[in-house]
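Student: Hi! I'm new to this one, could you walk me through it?
Tutor: Happy to, let's take a look together.
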Amino acid sequence: MADSRAPVAQYSGDPDEFVRVSDLVKIFGDTVAVRSVSLSVRRNELFALLGSSGCGKSTLLRMLAGFEQATSGRILLDGEDITDVPPYRRPVNMMFQSYALFPHMSVAANVAFGLRQEGVARAEIHDRVFEALDLVQMAQYSRRRPHQLSGGQQQRVALARSLVKRPKLLLLDEPMSALDKQIRQKTQIELSRILDQVGVTCIMVTHDQEEAMTMADRLAVMTEGQIVQHGTPREVYDFPASRFVAGFIGSANLFTGTIVVDEPDHVAIESEDLPRPLFVNHGVSEPLGREVHVSIRPERLHVGRGQPAGEHNWARGLVSHVAWLGSHALYQIRLDSGKTVEASVPSLALSQDDAPGMDDEVYVSWRPDSPTVLVS
Amino acid sequence: MKAVRARLPAPRLLAVAPPYAWLALVLLVPFLLVVKISFSDLQFGVPPYTPLAELQDEALSLTLHLRGYALLLTDSLYAATYVNSLKMAAVTTLCCVLAGYPIAYYIARSAPSVRGLLLLGVILPFWTSLLLRVYAWVGILRNDGLLNNLLMGLGLIDSPLEIYRTDLAVYIGMVYAYLPFFILPLYATLAKLDLRLLEAAYDLGARPWRAFLHVTLPLSRPGVVAGAMLVFIPAVGEFVIPEMLGGANTLMMGRVMWNEFFTNADWPMAASITVVMVLFLLVPLALFHRAQARQIAQQQEARP
């Protein structure tokens with residue numbers, strides 16, 4: 001019966017591959033929540049599924065946990081097909097978004113719950129529960145009830161509960177969303193450290209790109225039930241595959257134009273938004289005259305009062321807004337063409353008295369290796 | 001400013017005063033009157049009982065008659081009635097728990113679109129008077145009633161089942177009448193239950209029935225307790241159903257009270273039966289209240 005659900009997932013040959021999802025589809029009634037997702041996660045890696053709400057990332061996670069039946073496609077964990085295995089028989093544990101701690105049980109009983117289902121001996125349960133609670137530094141709270149703990153403490157208990165069974169795969173559903181912003185970043189680093197220490201393969205779902213970039217070894221960007229790009233945070237940030245990814249991971253200044261010069265070592269792109277062509281010092285595989293999009297990250301834009309030399313890669317404009325963020329300042333600059341660009345200038349580069357202010361005339365410029373050419 | 005506010009009654013007190021005043025007026029005062037009557041003796045006239053205090057020849061005499069209570073203790077009929085009433089209420093409650101839990105669970109888990117309809121089905125009987133509905137049961141359970149005619153027509157039985165005017169008929173009637181009181185509070189508890197807790201249980205390796213046993217059941221306990229109390233307390237004093245469906249030997253407090261009041265016109269006796277019954281009811285009520293209060297206190301315990 002399982003075979004009728006072809007295509008059969010095949011081992012890719014990557015010796016480190018631990019989780020393989022192939023052509024996974026989930027349809028609810030007449031809504032397609034997940035349309036053909038394939039991905040591969042390596043052993044002991046933290047993999048993040050990043051997307052805005054309704055993109056299908058939570059449905060994908062719920063299929064990995066076994067709470068939703070896949071409409072078609074296969075999930076392989078450590079070489080074993082778990083697509084049709086019920087959640088209580090999967091070597092997969094999940095840390096829920098709201099933690100889902102049992103309110104009528106103590107912290108220790110919450111952590112012990114999973115082991116009790118396995119019929120582990122009492123003495124061993126006790127040892128493993130305290131081992132897990134020690135790991136998250138919650139052993140002294142073992143007799144408390146969940147509602148007597150702070151949000152951060154509840155999260156640690158939830159983590160201990162999901163790790164105590166030593167799952168092959170740990171799922172994290174928006175792990176930080178229930179925490180205050182102040183403690184989020186500290187917790188992200190702490191959580192990564194614990195997961196590293198335990199050595200467990202993780203798939204995390206989040207809508208927060210900073211969280212994904214802080215914690216994940218690799219990430220996949222999802223929209224409309226599909227993965228549009230995956231790679232390390234750095235790869236995805238530096239080489240976004242589409243305007244959507246460029247705008248979703250970090251912010252981007254986007255220009256639309258046509259290729260006017262295409263040489264192996266450079267291209268020139270003319271855009272209505274810019275007074276002179278964009279010069280990019282790497283080739284593209286697109287034909288002349290083709291409409292393309294160019295993304296330039298705000299921190300790649302240089303803001304200065306003097307007119308840059310050369311005939312490429314600069315534009316004149318007026319400062320329309322400045323946001324001082326401490327480590328850097330965000331400039332909104334309205335170019336002569338009417339297009340507004342965003343530039344992030346490090347505080348160190350801004351001298352106290354000469355920093356451009358509101359309505360000042362400035363020149364923005366960028367290096368030829370800064371733009372990324374996108375075709376979609 | 002603070003000192004002035006401290007001398008004024010707290011706003012909370014103002015808010016809770018009216019309901020307490022109302023309860024005192026309609027519950028406490030009548031009950032005290034009943035207590036007073038229970039310590040008087042029978043006499044002919046209006047009212048049909050002796051006054052408690054009498055001023056005669058400049059002497060105030062206070063007479064406490066204990067005839068009612070003495071009779072309660074000496075006549076085994078009354079003790080048997082109390083025990084039987086408690087037993088019948090307990091069995092009714094148990095049946096309501098066993099039948100009502102699956103119904104409440106099913107309604108709480110059904111799609112929101114049909115949930116309203118199912119709940120309406122539970123409440124629908126209330127649109128007809130209880131008296132009519134019990135009469136309908138008379139029609140169903142009688143020897144020549146609907147049930148017996150149907151079973152005999154199908155050839156399942158040869159002679160009619162003797163249900164009408166037995167304890168069984170009373171149980172059927174009481175479970176029927178009180179089931180909604182058990183289902184509604186339990187439904188409210190089950191509907192509030194966070195389904196992610198069940199998913200967490202499955203995720204941690206619990207099969208569905210173990211998840212039910214260790215998560216759903218303990219978390220629905222407040223609903224079960226509340227529903228069981230709502231069934232048990234009125235069932236102990238039930239009058240209409242045992243009177244209409246029960247046999248002559250179906251002993252229940254409600255019937256005995258009725259007899260004392262209206263057949264024997266023995267108000268003091270009826271009043272002492274009532275006082276003892278209320279005490280029998282107040283004990284479980286108080287226990288229930290304490291359990292609830294403890295639970296709420298546990299949930300609201302200060303954070304560390």
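Student: How do the axes of helix 2 and helix 3 of chain A cross?
Tutor: This is a predicted model. In it, the axes of helix 2 of chain A and helix 3 of chain A, residues 122-135, come within 9 Å and cross at roughly 125°.
Student: And what does that make them to each other, parallel or oblique?
Tutor: Oblique: at that angle, helix 2 of chain A and helix 3 of chain A are therefore oblique to each other. As for handedness, helix 2 of chain A passes helix 3 of chain A in a right-handed crossing.
Student: Which residues meet there?
Tutor: On the side of helix 2 of chain A you have Ala108(A), Val111(A), Ala112(A), Leu115(A) and Arg116(A). They meet Ile125(A), Arg128(A), Val129(A), Ala132(A) and Leu133(A) in helix 3 of chain A. By class, this contact between helix 2 of chain A and helix 3 of chain A has eight nonpolar, no polar and two charged residues.
Student: Switching to the two chains, how many residues does each give to the contact?
Tutor: Chain A gives 19 residues and chain B gives 19 residues.
Student: Which elements of chain A give two or more residues to that side?
Tutor: Strand 6 (92-95) and helix 2 (107-118) of chain A do. The largest share of the side of chain A that touches chain B comes from helix 2 of chain A, with four residues.
Tutor: The side of chain A that touches chain B has nine nonpolar, eight polar and two charged residues.
Student: Let's zoom out, how many helices and strands does chain A have?
Tutor: Chain A comes to eight helices and 20 strands. Its C-alpha atoms fill a box of roughly 75 × 55 × 40 Å along the principal axes. Of the 376 residues in chain A, 40% are buried.
Student: How many bridges pair strand 17 with strand 18 of chain A?
Tutor: Seven bridges, in the antiparallel sense, and strand 17 of chain A covers residues 328-335. One pair to look for is Ala329(A), which stands opposite Val345(A) in strand 18 of chain A.
Student: How many bridges join strand 12 to strand 13 of chain A?
Tutor: Three bridges join them, and the two strands run antiparallel. If you find Val267(A), its bridge partner in strand 13 of chain A is Val280(A).
Student: Last one, over in chain B: where is Ala226(B)?
Tutor: Ala226(B) is in helix 11 of chain B, residues 221-236. Ala226(B) counts as partly exposed because 18 C-beta neighbours lie inside 10 Å.
Student: And how far apart are Ala226(B) and Gln43(B)?
Tutor: They are 183 residues apart in sequence, and 43 Å apart in space from C-alpha to C-alpha.

Conventions: Residues are numbered from 1 along each chain as its sequence is written. Chains are lettered from A and ligands numbered from 1 in the order in which they are written. This is a predicted model: local features need pLDDT of at least 70, side-chain atom pairs count only at pLDDT 80 or more; totals for chains, interfaces and linings use all residues. Two residues are in contact if their C-beta atoms, placed from the backbone, lie within 7 Å. Ala, Val, Leu, Ile, Met, Phe, Trp, Tyr, Cys and Pro count as nonpolar, Asp, Glu, Lys and Arg as charged, and the others, Gly among them, as polar. Axes are lines fitted to C-alpha atoms, for helices over the stretch in contact, and angles run from 0 to 180 degrees between N-to-C directions. Angles under 35 degrees count as roughly parallel, over 145 as roughly antiparallel, 65 to 115 as roughly perpendicular and the rest as oblique. A crossing is left-handed if the near helix is turned anticlockwise from the far one by less than a right angle, and right-handed if clockwise. Two strands pair if DSSP finds at least two bridges between them. A residue is buried if 20 or more other C-beta atoms lie within 10 Å of its own, exposed if 12 or fewer, and partly exposed in between; C-beta atoms are placed from the backbone.
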